[in-house]
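Take a look at the protein model below. This report walks through some of its helices and loops.

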Amino acid sequence: PAQKGSSAMRDRSVDLQRGILVILMLYAHILQFFGDAQLFPQTNLWVNGISLLAFPTFVFCFGRTVAMAYLKKPFRQALPRMGRTLLRCLAAFYVSGAAYRVLRERKPLGAGTLRNIFLLNDIPGWSEFLIAFALLMLAAIVLFPLLRQITCRRWLWLPLSIPCLLGCFLPYDRITVPQLALLIGSRSYVTFPVLQYFPFFLAGVAYTGASLRERLGMGGVAVIFSVAGLVWYVRHGLPERFPPHWAWILLPCFAIALLTALCHGLCRLPGEKYWLPVEGLRRMLSHFGGASLYYLAGSNLVLFTLAGAGMAPLLSRSGPWPWNQVIQSPAGAFSWLIVLLALLWFIARLAGRGASGRPSKTRISN
(Lines give C-alpha, C1' and ligand atoms only; values in the text may rest on other atoms or scores of the structure.)
Protein backbone atom coordinates (compact mmCIF):
# COMPACT_ATOMS: atom_id res chain seq x y z
CA PRO A 1 0.00 0.00 0.00
CA ALA A 2 1.23 3.44 -0.89
CA GLN A 3 0.07 6.30 1.23
CA LYS A 4 1.09 9.94 1.40
CA GLY A 5 3.93 10.41 3.82
CA SER A 6 5.02 6.77 3.66
CA SER A 7 7.70 7.15 1.01
CA ALA A 8 10.44 6.88 3.59
CA MET A 9 9.21 3.43 4.52
CA ARG A 10 8.97 2.19 0.96
CA ASP A 11 11.42 -0.20 -0.61
CA ARG A 12 11.53 0.57 -4.30
CA SER A 13 12.33 -3.06 -5.11
CA VAL A 14 8.83 -4.02 -3.97
CA ASP A 15 7.22 -1.75 -6.56
CA LEU A 16 9.61 -3.02 -9.22
CA GLN A 17 8.71 -6.60 -8.38
CA ARG A 18 4.99 -5.88 -8.42
CA GLY A 19 5.39 -3.98 -11.69
CA ILE A 20 6.92 -7.06 -13.31
CA LEU A 21 4.10 -9.18 -11.90
CA VAL A 22 1.44 -6.81 -13.26
CA ILE A 23 2.91 -7.15 -16.75
CA LEU A 24 3.13 -10.94 -16.47
CA MET A 25 -0.37 -11.35 -15.08
CA LEU A 26 -1.99 -9.12 -17.72
CA TYR A 27 -0.10 -11.02 -20.40
CA ALA A 28 -1.40 -14.34 -19.04
CA HIS A 29 -4.96 -12.98 -18.91
CA ILE A 30 -4.81 -11.89 -22.56
CA LEU A 31 -3.59 -15.36 -23.52
CA GLN A 32 -6.33 -17.00 -21.46
CA PHE A 33 -9.07 -14.93 -23.08
CA PHE A 34 -7.82 -14.74 -26.65
CA GLY A 35 -4.92 -17.18 -27.08
CA ASP A 36 -5.28 -20.30 -29.21
CA ALA A 37 -3.36 -23.18 -27.65
CA GLN A 38 -4.15 -25.48 -30.57
CA LEU A 39 -2.51 -23.23 -33.13
CA PHE A 40 0.19 -22.02 -30.74
CA PRO A 41 1.01 -24.80 -28.23
CA GLN A 42 3.54 -22.60 -26.41
CA THR A 43 0.58 -20.61 -25.09
CA ASN A 44 0.01 -23.15 -22.31
CA LEU A 45 3.66 -22.95 -21.30
CA TRP A 46 3.43 -19.19 -20.84
CA VAL A 47 0.12 -19.33 -18.97
CA ASN A 48 1.19 -22.13 -16.63
CA GLY A 49 4.57 -20.56 -15.91
CA ILE A 50 3.11 -17.16 -15.12
CA SER A 51 0.29 -18.69 -13.07
CA LEU A 52 2.81 -20.64 -11.02
CA LEU A 53 4.82 -17.51 -10.20
CA ALA A 54 2.49 -14.51 -10.16
CA PHE A 55 0.06 -14.96 -7.28
CA PRO A 56 2.47 -16.33 -4.65
CA THR A 57 4.95 -13.58 -5.50
CA PHE A 58 2.21 -10.97 -5.14
CA VAL A 59 1.43 -12.45 -1.71
CA PHE A 60 5.13 -12.29 -0.79
CA CYS A 61 5.24 -8.63 -1.84
CA PHE A 62 2.05 -7.98 0.09
CA GLY A 63 3.71 -9.33 3.23
CA ARG A 64 6.71 -7.07 2.65
CA THR A 65 4.46 -4.06 2.18
CA VAL A 66 2.42 -4.78 5.29
CA ALA A 67 5.61 -5.09 7.33
CA MET A 68 6.95 -1.75 6.05
CA ALA A 69 3.74 0.26 6.16
CA TYR A 70 1.90 -1.07 9.21
CA LEU A 71 3.82 -3.42 11.52
CA LYS A 72 6.30 -0.75 12.58
CA LYS A 73 3.44 1.23 14.13
CA PRO A 74 1.19 0.63 17.13
CA PHE A 75 -1.93 -1.34 16.25
CA ARG A 76 -4.33 1.55 16.91
CA GLN A 77 -2.37 3.80 14.58
CA ALA A 78 -2.07 1.18 11.83
CA LEU A 79 -5.62 -0.16 11.98
CA PRO A 80 -7.42 2.65 10.07
CA ARG A 81 -5.05 2.41 7.10
CA MET A 82 -5.15 -1.37 7.12
CA GLY A 83 -8.93 -1.15 7.10
CA ARG A 84 -8.89 1.20 4.12
CA THR A 85 -6.63 -1.16 2.19
CA LEU A 86 -8.95 -4.05 3.00
CA LEU A 87 -11.95 -2.08 1.75
CA ARG A 88 -10.16 -1.09 -1.47
CA CYS A 89 -9.36 -4.73 -2.25
CA LEU A 90 -12.90 -5.75 -1.38
CA ALA A 91 -14.38 -3.01 -3.58
CA ALA A 92 -12.10 -4.06 -6.45
CA PHE A 93 -13.40 -7.63 -6.10
CA TYR A 94 -17.03 -6.49 -6.14
CA VAL A 95 -16.49 -4.34 -9.25
CA SER A 96 -14.47 -7.00 -11.07
CA GLY A 97 -16.83 -9.81 -10.04
CA ALA A 98 -19.95 -7.96 -11.14
CA ALA A 99 -18.25 -6.99 -14.39
CA TYR A 100 -17.38 -10.61 -15.10
CA ARG A 101 -20.96 -11.79 -14.65
CA VAL A 102 -22.49 -8.88 -16.58
CA LEU A 103 -19.90 -8.05 -19.25
CA ARG A 104 -18.29 -11.44 -19.82
CA GLU A 105 -21.22 -13.80 -19.20
CA ARG A 106 -23.93 -11.33 -20.29
CA LYS A 107 -26.04 -11.88 -17.19
CA PRO A 108 -28.50 -9.18 -16.12
CA LEU A 109 -27.31 -6.66 -13.57
CA GLY A 110 -29.92 -7.72 -11.05
CA ALA A 111 -30.15 -7.58 -7.28
CA GLY A 112 -29.68 -11.34 -7.03
CA THR A 113 -26.42 -11.27 -8.97
CA LEU A 114 -25.01 -8.44 -6.91
CA ARG A 115 -26.22 -9.88 -3.60
CA ASN A 116 -24.51 -13.23 -4.18
CA ILE A 117 -21.24 -11.50 -5.03
CA PHE A 118 -21.54 -9.11 -2.09
CA LEU A 119 -22.15 -11.97 0.36
CA LEU A 120 -19.34 -14.03 -1.23
CA ASN A 121 -21.76 -16.76 -2.24
CA ASP A 122 -20.52 -16.26 -5.79
CA ILE A 123 -16.80 -16.03 -6.63
CA PRO A 124 -16.65 -14.88 -10.28
CA GLY A 125 -13.75 -15.85 -12.51
CA TRP A 126 -10.58 -13.79 -12.78
CA SER A 127 -11.60 -11.92 -9.61
CA GLU A 128 -10.66 -14.54 -7.00
CA PHE A 129 -7.24 -13.05 -6.38
CA LEU A 130 -8.74 -9.69 -5.42
CA ILE A 131 -10.86 -11.09 -2.60
CA ALA A 132 -7.82 -13.13 -1.53
CA PHE A 133 -5.89 -9.92 -0.85
CA ALA A 134 -8.78 -8.50 1.13
CA LEU A 135 -8.79 -11.64 3.29
CA LEU A 136 -5.01 -11.51 3.65
CA MET A 137 -5.32 -7.99 5.02
CA LEU A 138 -8.06 -9.17 7.38
CA ALA A 139 -5.72 -11.93 8.56
CA ALA A 140 -2.97 -9.34 9.07
CA ILE A 141 -5.31 -7.30 11.28
CA VAL A 142 -6.33 -10.33 13.34
CA LEU A 143 -2.77 -11.65 13.63
CA PHE A 144 -1.12 -8.25 14.09
CA PRO A 145 0.70 -9.12 17.38
CA LEU A 146 2.02 -12.38 15.94
CA LEU A 147 3.23 -10.68 12.75
CA ARG A 148 5.06 -8.06 14.80
CA GLN A 149 6.85 -10.90 16.58
CA ILE A 150 8.01 -12.20 13.20
CA THR A 151 9.61 -8.83 12.42
CA CYS A 152 11.79 -9.36 15.50
CA ARG A 153 12.20 -13.15 15.42
CA ARG A 154 12.30 -13.70 11.71
CA TRP A 155 12.69 -17.44 11.60
CA LEU A 156 9.29 -17.84 13.24
CA TRP A 157 7.88 -17.67 9.71
CA LEU A 158 9.16 -21.16 8.96
CA PRO A 159 7.50 -23.19 11.76
CA LEU A 160 4.35 -21.10 11.36
CA SER A 161 4.29 -22.02 7.67
CA ILE A 162 4.17 -25.77 8.32
CA PRO A 163 0.52 -25.88 9.50
CA CYS A 164 -0.43 -23.75 6.49
CA LEU A 165 1.23 -26.17 4.10
CA LEU A 166 -0.52 -29.07 5.79
CA GLY A 167 -3.74 -27.39 4.66
CA CYS A 168 -2.95 -28.79 1.19
CA PHE A 169 -3.96 -32.21 2.57
CA LEU A 170 -7.44 -31.11 3.65
CA PRO A 171 -10.37 -33.09 2.18
CA TYR A 172 -11.15 -30.49 -0.48
CA ASP A 173 -14.09 -32.51 -1.81
CA ARG A 174 -16.01 -32.00 1.43
CA ILE A 175 -15.69 -28.22 1.40
CA THR A 176 -18.79 -26.86 -0.35
CA VAL A 177 -19.29 -23.50 1.39
CA PRO A 178 -17.87 -20.69 -0.78
CA GLN A 179 -16.82 -18.49 2.14
CA LEU A 180 -14.89 -21.41 3.66
CA ALA A 181 -13.39 -22.23 0.27
CA LEU A 182 -11.84 -18.76 0.18
CA LEU A 183 -9.99 -19.61 3.38
CA ILE A 184 -8.99 -23.26 2.96
CA GLY A 185 -9.78 -24.24 -0.64
CA SER A 186 -12.36 -26.45 -2.35
CA ARG A 187 -12.97 -28.44 -5.52
CA SER A 188 -16.37 -26.79 -5.88
CA TYR A 189 -14.99 -23.26 -6.31
CA VAL A 190 -11.95 -21.68 -7.95
CA THR A 191 -10.19 -19.78 -5.16
CA PHE A 192 -6.78 -18.77 -3.91
CA PRO A 193 -7.17 -20.04 -0.33
CA VAL A 194 -5.58 -17.83 2.29
CA LEU A 195 -4.33 -20.70 4.45
CA GLN A 196 -2.24 -22.47 1.83
CA TYR A 197 -0.72 -19.27 0.43
CA PHE A 198 -0.11 -17.66 3.83
CA PRO A 199 3.51 -18.93 4.06
CA PHE A 200 4.42 -16.50 1.27
CA PHE A 201 2.88 -13.67 3.28
CA LEU A 202 4.79 -14.73 6.40
CA ALA A 203 8.01 -14.95 4.38
CA GLY A 204 7.43 -11.44 3.06
CA VAL A 205 6.98 -10.11 6.60
CA ALA A 206 10.15 -11.88 7.77
CA TYR A 207 12.15 -10.76 4.74
CA THR A 208 11.53 -7.07 5.39
CA GLY A 209 14.41 -5.64 7.41
CA ALA A 210 16.24 -8.96 7.54
CA SER A 211 20.03 -9.03 7.38
CA LEU A 212 21.87 -10.31 4.33
CA ARG A 213 22.67 -13.53 6.17
CA GLU A 214 19.02 -14.06 7.08
CA ARG A 215 17.92 -13.37 3.50
CA LEU A 216 20.48 -15.83 2.16
CA GLY A 217 19.16 -18.39 4.63
CA MET A 218 15.63 -17.82 3.38
CA GLY A 219 16.93 -18.26 -0.15
CA GLY A 220 18.39 -21.61 0.88
CA VAL A 221 15.01 -22.70 2.25
CA ALA A 222 13.43 -21.59 -1.03
CA VAL A 223 15.83 -23.86 -2.94
CA ILE A 224 14.91 -26.86 -0.77
CA PHE A 225 11.19 -26.18 -1.19
CA SER A 226 11.45 -25.80 -4.96
CA VAL A 227 13.52 -28.98 -5.28
CA ALA A 228 10.80 -30.90 -3.42
CA GLY A 229 8.16 -29.49 -5.74
CA LEU A 230 10.32 -30.19 -8.79
CA VAL A 231 10.76 -33.84 -7.81
CA TRP A 232 7.00 -34.25 -7.65
CA TYR A 233 6.61 -32.45 -10.99
CA VAL A 234 9.13 -34.71 -12.73
CA ARG A 235 7.33 -37.80 -11.47
CA HIS A 236 3.72 -36.75 -11.83
CA GLY A 237 3.52 -33.69 -14.09
CA LEU A 238 2.23 -30.23 -13.30
CA PRO A 239 0.55 -30.23 -9.86
CA GLU A 240 -3.03 -29.15 -9.30
CA ARG A 241 -3.65 -25.43 -9.01
CA PHE A 242 -7.32 -25.23 -7.96
CA PRO A 243 -7.29 -26.28 -5.15
CA PRO A 244 -3.53 -26.01 -4.67
CA HIS A 245 -1.45 -29.15 -4.35
CA TRP A 246 1.50 -28.87 -1.97
CA ALA A 247 3.90 -29.14 -4.92
CA TRP A 248 2.16 -26.18 -6.60
CA ILE A 249 2.86 -24.12 -3.49
CA LEU A 250 6.51 -25.16 -3.22
CA LEU A 251 7.58 -25.09 -6.88
CA PRO A 252 7.87 -21.29 -7.37
CA CYS A 253 9.82 -20.56 -4.15
CA PHE A 254 13.25 -20.36 -5.75
CA ALA A 255 11.92 -18.34 -8.70
CA ILE A 256 10.45 -15.85 -6.23
CA ALA A 257 13.84 -15.57 -4.51
CA LEU A 258 15.55 -14.97 -7.87
CA LEU A 259 13.03 -12.33 -8.92
CA THR A 260 13.44 -10.59 -5.56
CA ALA A 261 17.22 -10.53 -5.98
CA LEU A 262 16.82 -9.25 -9.54
CA CYS A 263 14.69 -6.33 -8.36
CA HIS A 264 17.20 -5.45 -5.64
CA GLY A 265 19.92 -5.49 -8.27
CA LEU A 266 17.86 -3.30 -10.59
CA CYS A 267 17.47 -0.77 -7.79
CA ARG A 268 21.24 -0.61 -7.33
CA LEU A 269 22.17 -0.09 -10.98
CA PRO A 270 23.54 3.43 -11.63
CA GLY A 271 20.67 5.19 -13.36
CA GLU A 272 22.65 8.37 -13.96
CA LYS A 273 25.05 6.67 -16.36
CA TYR A 274 22.43 4.61 -18.17
CA TRP A 275 19.41 6.86 -17.65
CA LEU A 276 17.17 5.75 -20.49
CA PRO A 277 17.43 1.95 -20.23
CA VAL A 278 17.76 1.77 -16.45
CA GLU A 279 16.01 4.68 -14.81
CA GLY A 280 13.28 4.69 -17.45
CA LEU A 281 12.65 0.98 -16.81
CA ARG A 282 12.63 1.52 -13.07
CA ARG A 283 10.13 4.36 -13.32
CA MET A 284 7.84 2.37 -15.58
CA LEU A 285 7.88 -0.74 -13.37
CA SER A 286 7.51 1.37 -10.22
CA HIS A 287 4.44 3.03 -11.69
CA PHE A 288 2.82 -0.28 -12.60
CA GLY A 289 3.74 -1.78 -9.23
CA GLY A 290 2.62 1.20 -7.17
CA ALA A 291 -0.72 1.21 -9.03
CA SER A 292 -1.05 -2.57 -9.24
CA LEU A 293 -4.61 -2.73 -7.95
CA TYR A 294 -5.74 -0.21 -10.57
CA TYR A 295 -4.04 -2.04 -13.44
CA LEU A 296 -5.29 -5.48 -12.39
CA ALA A 297 -8.89 -4.40 -11.86
CA GLY A 298 -8.93 -2.03 -14.85
CA SER A 299 -7.54 -4.64 -17.21
CA ASN A 300 -10.23 -7.05 -16.05
CA LEU A 301 -12.94 -4.59 -17.08
CA VAL A 302 -11.41 -4.16 -20.54
CA LEU A 303 -10.91 -7.88 -21.13
CA PHE A 304 -14.36 -8.81 -19.81
CA THR A 305 -15.96 -6.27 -22.15
CA LEU A 306 -14.06 -7.45 -25.22
CA ALA A 307 -14.52 -11.16 -24.49
CA GLY A 308 -18.20 -10.81 -23.59
CA ALA A 309 -18.96 -8.91 -26.80
CA GLY A 310 -16.98 -11.40 -28.87
CA MET A 311 -14.68 -8.61 -29.96
CA ALA A 312 -11.11 -9.22 -31.04
CA PRO A 313 -8.76 -6.88 -32.89
CA LEU A 314 -9.45 -6.75 -36.62
CA LEU A 315 -6.47 -8.24 -38.35
CA SER A 316 -4.93 -7.11 -41.60
CA ARG A 317 -1.48 -8.27 -42.54
CA SER A 318 -0.93 -5.01 -44.38
CA GLY A 319 -2.42 -2.87 -41.64
CA PRO A 320 -0.47 -0.72 -39.17
CA TRP A 321 0.80 -2.00 -35.83
CA PRO A 322 -0.83 -3.41 -33.71
CA TRP A 323 -3.68 -4.47 -36.02
CA ASN A 324 -1.31 -6.70 -37.96
CA GLN A 325 -0.50 -8.70 -34.80
CA VAL A 326 -2.38 -11.96 -34.24
CA ILE A 327 -3.61 -11.77 -30.65
CA GLN A 328 -4.09 -15.55 -30.54
CA SER A 329 -0.31 -16.03 -30.62
CA PRO A 330 2.08 -15.35 -27.70
CA ALA A 331 3.93 -12.71 -29.74
CA GLY A 332 0.73 -10.99 -30.85
CA ALA A 333 -0.68 -11.10 -27.32
CA PHE A 334 2.43 -9.30 -26.09
CA SER A 335 1.88 -6.55 -28.68
CA TRP A 336 -1.67 -6.09 -27.50
CA LEU A 337 -0.47 -6.14 -23.89
CA ILE A 338 1.50 -2.98 -24.69
CA VAL A 339 -1.67 -1.43 -26.09
CA LEU A 340 -3.66 -2.39 -22.99
CA LEU A 341 -1.07 -0.98 -20.60
CA ALA A 342 -0.87 2.23 -22.62
CA LEU A 343 -4.66 2.58 -22.56
CA LEU A 344 -4.86 2.10 -18.80
CA TRP A 345 -1.96 4.50 -18.27
CA PHE A 346 -3.70 7.13 -20.42
CA ILE A 347 -6.96 6.72 -18.46
CA ALA A 348 -5.05 7.10 -15.19
CA ARG A 349 -3.46 10.29 -16.48
CA LEU A 350 -6.84 11.67 -17.49
CA ALA A 351 -8.27 10.84 -14.07
CA GLY A 352 -5.31 12.54 -12.42
CA ARG A 353 -5.88 15.71 -14.43
CA GLY A 354 -9.61 15.74 -13.90
CA ALA A 355 -9.81 17.33 -10.47
CA SER A 356 -7.34 20.18 -10.79
CA GLY A 357 -6.24 20.27 -14.40
CA ARG A 358 -2.79 18.99 -13.38
CA PRO A 359 -1.42 15.46 -13.03
CA SER A 360 -2.28 13.95 -9.68
CA LYS A 361 0.60 12.96 -7.40
CA THR A 362 -1.58 10.59 -5.42
CA ARG A 363 -0.64 7.00 -6.17
CA ILE A 364 -3.31 4.45 -7.00
CA SER A 365 -2.18 1.43 -5.08
CA ASN A 366 -3.10 -1.80 -3.40
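## Ground rules

Helices here are DSSP runs of H or I with at least four residues, numbered from the N terminus. This is a predicted model, in which local features need pLDDT of at least 70 and side-chain atom pairs count only at pLDDT 80 or more, while totals for chains, interfaces and linings use all residues. Residues are numbered from 1 along each chain as its sequence is written, and side-chain values use heavy atoms, with hydrogens and water left out.

Most residues other than glycine have a negative phi, and most peptide bonds are trans. Trp126 sits in the loop between helix 4 and helix 5. Its phi is positive, about 60 degrees, although Trp126 is not a glycine. Trp126 is partly exposed, at 25% relative accessible area (buried is under 20%, exposed over 50%, partly exposed in between, with a 1.4 Å probe and protein chains only).

Arg106 also has a positive phi of about 60 degrees. It lies in the loop between helix 3 (75–104) and helix 4 (111–118). At 56% relative accessibility, Arg106 is exposed.

## Two cis bonds

The peptide bond from Phe242 to Pro243 is cis, with omega near -5 degrees. Pro243 belongs to the loop between helix 10 (212–236) and helix 11 (246–250).

The bond from Trp321 to Pro322 is cis too, with omega near 10 degrees. Pro322 is in the loop between helix 14 (292–308) and helix 15 (330–354).

## A buried histidine

His29 is part of helix 1 (residues 12–34). Its relative accessibility is 8%, so His29 counts as buried. Leaving aside residues up to four places away in sequence, His29 touches Trp126, Phe129, Asn300 and Leu303 (contact means heavy atoms within 4.5 Å).

## Helix 5 and its partner

Helix 5 is largely enclosed by the rest of the structure, because 13 of its 15 residues are buried. The axes of helix 5 (residues 128–142) and helix 9 (residues 194–207) come within 11 Å and cross at roughly 70 degrees. So helix 5 is roughly perpendicular to helix 9 (angles of 65 to 115 degrees count as roughly perpendicular, under 35 as roughly parallel, over 145 as roughly antiparallel, the rest as oblique). Axes are lines fitted to C-alpha atoms, for helices over the stretch in contact, and angles run from 0 to 180 degrees between N-to-C directions.

Which residues of helix 5 meet helix 9? They are Ala132, Leu135, Leu136, Ala139 and Ala140, and they meet Val194, Phe198 and Phe201 in helix 9.

Technical notes:
Helix = DSSP H or I, 4+ residues; strand = E, 2+ residues; numbered from the N terminus.
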